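Q: I have just opened this entry and would like a short tour. Could we begin with the overall dimensions?

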Amino acid sequence: MGLLEGKCVVVSGAGRGIGRGHSMVLAEEGARVVVNDIDRSEAEGVVKEIEEKGGTAIANSDDVGTRAGCDALVSSCLSQFGRIDAAINNAGIVRDRSFLKMTDEEFDDVFRVHAKSTFWVSQAAAIAMREQGGGGCIINTTSGAHMGNFGQTNYAAAKGAIASMTYTWALELVRYGIRVNCIAPAASTRMTAMAKDADGKDIELPFWDPALNTPLVAYMISEEGKWITGQVFATGMERLGVMRQPAFGKTLVREGGWDVESVRRFFKDGLGPELERFGLMKAPYAFYEGLEAP
Ligand SMILES: NC(=O)c1ccc[n+]([C@@H]2O[C@H](COP(=O)([O-])OP(=O)(O)OC[C@H]3O[C@@H](n4cnc5c(N)ncnc54)[C@H](O)[C@@H]3O)[C@@H](O)[C@H]2O)c1
């Protein structure tokens, strides 16, 4: 018997890549899976593969970039399987462009398909989980890019919002027994095939099976994983990591508060040395002498 026998699960963007991997592995563990993808033929292909292996799944092609599509996706799980135990927000697109050239449309499309869809699917799922009782599990998908990544203003913003929503919902939904966690996956997919370096050249990457991201997801959905909430994990390839919770670092206190003159006098020696590496690649902080305009 699998770890997820009887669990009913929705996976968005599951026709390819990491979502496909989630669907296959979760079905192998006994979950009944709603395989969502805007690309219906890909979703149906995954369902066929699951059924051939003796699993249970249905295809769904609602657009999770709309609230109506997200509501319909959760409803299809309820109407087909009678309940929802987990929602995995995985669907995604990229529209990379350097900040100074990015358009509103590029920003909005990426933010909508990642962040808004995560908000919409999770809200519909959490309401259904609260009504049916017995708790549940929401798993979001962020990316190391939310730490800052060249050419990804839209994607980084969406993935940062997803991490922040994870912490917030974990606080709010604990009273209903609903756990909320997030993965920052890694895999060879259509999305990574589009990755470029800062000079716009294709990045050559080794092959990593998308399904390697799912074992932790399965564990978090299972009864054994019921104690995990409010966390972001790095999954995929050969890694399994936990992201540190965002937190304030060194803090100076001055009686009466800080004025401009005291900041000017104390900043360099007080907080200056605390300025850290930043961005996904965490280049050493190199700007103590200031940034020189050309
Ligand atoms: N591949 C990686 O290394 C990596 C790294 C970090 C984060 N991620 C995240 O993992 C998730 C999956 O990415 P992937 O690499 O498997 O990409 P992918 O392009 O292979 O798969 C994404 C799937 O989402 C579907 N989709 C897009 N818009 C949709 C919509 N509006 N409604 C329904 N389905 C939609 C696509 O059709 C596609 O099948 C994304 O959220 C991505 O940001 C991936």
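Predicted model: local features only at pLDDT ≥ 70, side-chain atom pairs only at ≥ 80, totals over all residues.

Q: What box do the C-alpha atoms fill?
A: Taken along the principal axes, the box is roughly 70 × 45 × 35 Å.

Q: And how many helices and strands are there?
A: The protein has eight helices and eight strands.

Q: In what order do the strands of the sheet run?
A: The eight strands form an open sheet, and the order is β3-β2-β1-β4-β5-β6-β7-β8. The pairing in this sheet is mixed. At the edges are β3 (56-60) and β8 (241-242), each of which pairs on one side only.

Q: Take β1 and β2, then. In which sense do they pair, parallel or antiparallel?
A: β1 and β2, the latter covering residues 32-36, are parallel and share four bridges. Within this pair, C8 stands opposite R32 of β2.

Q: Changing topic: what share of the residues is buried?
A: Buried residues account for 40% of the 294 in the protein. As general background, nonpolar side chains in soluble globular proteins tend to be buried together.

Q: Which residues touch the most other members of the largest nonpolar core?
A: That core has 64 residues, and V9, V10, V33, V35 and A125 touch the most other members. Among the elements, α4 gives the most to this core, with nine residues.

Q: What does V9 touch, leaving out residues up to four places away in sequence?
A: V9 touches L26, A31, R32, V33, D85, A86, I88 and I221.

Q: I221 is in that list. Where does that residue sit?
A: I221 is one of the buried residues of α7, together with T214, L216, V217, A218 and M220. Helix α7 spans residues 214-221 and is mostly covered, with six of its eight residues buried.

Q: What covers the buried residues of α7?
A: The cover includes α1 and the strands β1 (8-11), β4 (86-88), β5 (136-141), β6 (178-184) and β7 (232-234).

Q: Of the contacts between residues at least 6 apart in sequence, how many join residues at least 24 apart?
A: The share is 68% of those contacts in the protein.

Q: Now the ligand. Which residues come nearest?
A: There are 32 residues around the ligand, and G13, G17, G92, T189 and M191 come nearest. The elements that give two or more residues to this shell are α1 (17-28), α4 (104-132) and α6 (190-193).

Q: How does that shell divide into nonpolar, polar and charged residues?
A: Twelve residues of the shell are nonpolar, 14 are polar and six are charged.

Q: Why does K282 count as exposed?
A: K282 counts as exposed because it has 12 C-beta neighbours inside 10 Å, and a residue with 12 or fewer is exposed.

How values were computed. Residues numbered from 1 in each chain as written. Near = placed C-beta within 6 Å. Nonpolar A, V, L, I, M, F, W, Y, C, P; charged D, E, K, R; others polar. Core = buried A, V, L, I, M, F, W, Y, C linked by C-beta atoms within 7 Å. Buried ≥ 20, exposed ≤ 12 C-beta atoms within 10 Å, placed from the backbone. Contact = placed C-beta atoms within 7 Å. Pairing = 2+ DSSP bridges.
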